[in-house]
Amino acid sequence: MKGLLLALTGTVLLVPVITVVFRLFEVRRRAAALVRLFLASLPVFVLVYALTPGDLGLLPQSLVEPRPGLELAYGLVVYSALFFGGLLQVYNLADRGCSLRILIDIAESADGKLAERELPAAYGGGRGFGAMLDKRIDGLLEQGLVRLVGGRLEPTPRAARAIRVYEPLQAFLRLKAG
Amino acid sequence: MRADGLAVAIATAIVAVGLVLVAHALLFHFGRIHRRSRALAALFAAGLVLQLAGCRVLDVDWWRTLCGAVLVFCAFILYMPFYYVLAASFSVRMLLEIRDATTLTPAELRARYPGDRVLGARAAILAGAGYARRVGEAYVLTGKGLLLATSFRFMKRLWRLGPGG
């Protein structure tokens with residue numbers, strides 16, 4: 001139970017830390033910064049686990065794990081999952097979510113409604129849908145997945161490796177991205 | 001109560017998640033699923049029930065059973081974003097189009113995504129999921145949609161994320 005409690009507490013504590021970092025500093029690659037913050041917190045997690053008593057001073061003896069190594073591993077797995085599947089995804093959704101952006105655009109419109117033909121111009125707080133496409137293309141270039149060769153986009157070997165993973169999965173599950 | 005309760009709870013969670021993934025693969029490959037996200041969530045819910053039942057049968061105490069259940073939940077929150085990358089990511093779709101086209105300029109790539117069509121389709125999905133509704137030619141938010149939009153607007157301001165999207 002100690003591992004689970006520390007994982008939950010660690011995740012909750014990361015939120016104000018992230019907030020302070022994002023508010024005090026101009027962070028350009030925010031997702032990478034979040035991952036670095038999380039990685040920096042892992043030794044702290046292990047240290048706190050090692051330095052605190054098995055019952056945390058409040059748990060009944062029945063909840064004290066007889067195999068602390070297993071419990072520590074469990075706590076780290078849960079802590080990692082809550083970060084990568086929770087905090088990082090919430091950030092990704094807020095920063096890159098297309099459907100969420102449509103909802104916010106409707107909420108921010110003058111009379112709380114947007115006609116379908118108005119959606120592209122209103123997208124992204126009025127930046128327009130083209131800005132979203134540019135952001136995706138810039139992202140692919142920045143991540144080294146495509147490069148510009150003579151003004152034309154070309155996939156890199158890194159992209160080829162990613163496609164080798166994604167494409168068969170998409171085909172097997174009969175999904176079509178977009 | 002068994003002494004190896006946590007290990008058993010973890011093992012039941014791993015088995016349950018494994019079965020969920022196999023069921024997902026088979027169902028999506030051979031079946032005709034219309035509401036795929038909902039189907040996937042239902043599969044993970046079934047996995048959770050399986051994990052809980054497994055722990056009860058194997059005489060694991062409730063707290064360690066809960067630890068196993070948390071692992072199933074963790075698998076769910078990790079798998080869903082991966083699934084959405086496969087199913088709905090613009091970046092993945094663009095990457096495939098760049099690969100297939102061999103000679104594509106950024107402007108030509110942009111032209112393949114007409115805003116009215118792409119956003120119209122997304123808005124229709126949002127309406128289908130109950131986040132928005134159509135009133136004449138326009139979309140308005142439902143209570144659920146407004147709550148989500150307001151929460152994320154607050155978060156975007158708090159973390160200084162800019163317009164995003």
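Here are a few questions and answers about this predicted model of a complex.

User: What ipTM does the predictor give the complex?
Analyst: Let's start with confidence, since this is a predicted model. For chain B, the mean pLDDT is 92, and 99% of its residues reach 70 or more. The complex as a whole gets a pTM of 0.87 and an ipTM of 0.85.

User: Which helix gives the largest share of the positive patch?
Analyst: The patch is made of arginines in chain A: Arg28(A), Arg29(A), Arg36(A), Arg158(A), Arg161(A) and Arg164(A). Arg28(A) sits in the loop between α1 and α2 of chain A. The largest share, three residues, comes from residues 157-173 of chain A, which is helix α7.

User: Is Glu26(A) buried or exposed?
Analyst: Glu26(A) forms a salt bridge with Arg160(B), at 3.6 Å from N to O. Glu26(A) lies in the loop between α1 and α2 of chain A and Arg160(B) in the segment after α7 of chain B, so the pair joins two chains. The cut-off for exposed is over 50%. Glu26(A) has a relative accessible area of 71%, so Glu26(A) is exposed.

User: Which side chain does Arg110(B) meet in a salt bridge?
Analyst: Look for a partner at 2.3 Å, N to O. That partner lies in helix α6 of chain A while Arg110(B) lies in helix α5 of chain B, so the pair joins two chains. Arg110(B) is partly exposed, at 31% relative accessible area. The partner is Asp134(A).

User: How many salt bridges are there over all chains?
Analyst: One of them pairs Glu167(A) with Arg99(B), at 2.5 Å. A search of the whole structure finds a total of 16.

Conventions
Residues are numbered from 1 along each chain as its sequence is written. Chains are lettered from A and ligands numbered from 1 in the order in which they are written. This is a predicted model: local features need pLDDT of at least 70, side-chain atom pairs count only at pLDDT 80 or more; totals for chains, interfaces and linings use all residues. Side-chain values use heavy atoms; hydrogens and water are left out. Patches are made of residues with over 30% relative accessible area and no salt bridge: like charges are joined within 9 Å, nonpolar side chains (Val, Leu, Ile, Met, Phe, Trp, Tyr) within 5 Å. Accessible areas come from the Shrake-Rupley method with a 1.4 Å probe; for residues, only the protein chains shown count as cover. A salt bridge is a side-chain nitrogen of Lys or Arg within 4 Å of a carboxyl oxygen of Asp or Glu. Lys and Arg count as positive and Asp and Glu as negative; His and the chain ends are not counted. The place of a charge is taken as NZ of Lys, CZ of Arg, CG of Asp or CD of Glu. Helices (H or I, at least four residues) and strands (E, at least two) are DSSP runs, numbered from the N terminus. pLDDT is the predictor's confidence in each residue, from 0 to 100. Buried means under 20% relative accessible area, exposed over 50%, partly exposed in between (1.4 Å probe, protein chains only).
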